[in-house]
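Me: I've got a structure open and would like to talk through its nonpolar parts. Can we start with the inside and then go to the surface?

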Amino acid sequence: LLARMGVEAGRKVGGVSTGHGAEASADGLSEEVMLLRERCPDAEIVVAPDKLPGAREAVGRGCNLIILDDALHARHLRRDMEVILVDARRPFGSGWLLPAGGLREPPSSISRADVLVLSHADAVSDDRRDEVVHRLRTYNRGASLLEVRHVPLGWRSVAGGELIPPEALAGREVFAFCGIAAPEGFRHTLESLGARVT
């Protein structure tokens with residue numbers, strides 16, 4: 001979204017990805033890089049394990065707006081805006097930093113954000129959402145706060161083909177498999193569409 005907004009504003013947009021993940025193309029590119037290129041074909045996507053050389057390469061390609069994913073801990077990079085996504089379902093993980101837990105920085109790092117994005121805001125109760133927002137505000141009162149709902153667009157057969165409307169899952173028995181960090185969100189989506197996960 002940010003890359004498309006930048007392109008529409010006349011910027012030469014660069015995105016830097018570490019390129020980690022399963023390979024998805026004959027060129028050895030990860031599924032994340034392929035998705036970024038598909039979603040914003042007008043942006044220059046640079047694959048670099050280290051974000052600083054990646055950002056420099058993007059500048060070398062003429063980019064004047066560079067978007068870095070997961071760069072909160074890359075303090076050596078000067079930035080104009082910090083956007084932090086927080087999952088409403090498990091906003092602060094176990095509360096422990098790596099390697100004891102899943103956090104790369106303490107929650108107090110939220111104080112550096114210009115924009116806070118509360119993802120899966122519709123997947124928790126109003127009370128839980130308010131509790132999370134209150135805690136975010138204890139770390140940062142001035143950041144803009146956006147809430148995001150995740151809405152399925154449809155589904156496809158594993159054999160490929162056309163996108164099938166999501167409501168076509170209603171009443172169907174399904175076997176679910178996913179390889180994402182929070183699989184309960186995938187199950188919740190299927191069940192919210194009326195699928196019976198067997």
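**Cores, a patch and one alanine**

Me: Which residues touch the most other members of the largest nonpolar core?
Reply: This is a predicted model. The core has 15 residues. Ile84, Val86, Ile110, Leu116, Leu118 and Leu136 touch the most other members.

Me: Which elements give two or more residues to this core?
Reply: β4, β5 (115–119) and α4 (126–139) do. α4 gives the largest share, three residues.

Me: What does Leu136 touch?
Reply: Leaving out residues up to four places away in sequence, Leu136 touches Val86, Phe92, Ile110, Leu116, Leu118 and Leu145.

Me: What about a second core? Which residues does that one include?
Reply: It is separate and has seven residues. Among them are Ala3, Leu29, Cys40 and Ile45.

Me: Now the surface. Which residues form the nonpolar patch there?
Reply: Leu1, Leu2, Met5, Met81, Val83 and Leu85. Together they have about 620 Å² of accessible area.

Me: Which elements supply at least two residues of the patch each?
Reply: α1 (2–8) and β4 (83–87).

Me: And where is Met81?
Reply: Met81 sits in the loop between β3 (65–68) and β4.

Me: New topic: Ala43. Where is that, and is it buried or exposed?
Reply: Ala43 lies in the loop between α2 (31–39) and β2 (44–47). Ala43 counts as buried because its relative accessible area is 13%, and the cut-off for buried is under 20%.

Me: How far apart are Ala43 and Ala170?
Reply: In sequence, 127 residues. In space, 38 Å from C-alpha to C-alpha.

Technical notes
Residues numbered from 1 in each chain as written. Predicted model: local features only at pLDDT ≥ 70, side-chain atom pairs only at ≥ 80, totals over all residues. Heavy atoms only, no water. Patch = residues over 30% accessible without salt bridge, like charges linked within 9 Å, V, L, I, M, F, W, Y side chains within 5 Å. Areas by Shrake-Rupley, 256 points an atom, 1.4 Å probe, with all protein chains shown as cover. Salt bridge = Lys/Arg side-chain N within 4 Å of Asp/Glu carboxyl O. Helix = DSSP H or I, 4+ residues; strand = E, 2+ residues; numbered from the N terminus. Core = buried A, V, L, I, M, F, W, Y, C linked by side-chain atoms within 4.5 Å. Buried < 20%, exposed > 50% of the residue type's maximum accessible area, 1.4 Å probe, protein only. Contact = heavy atoms within 4.5 Å.
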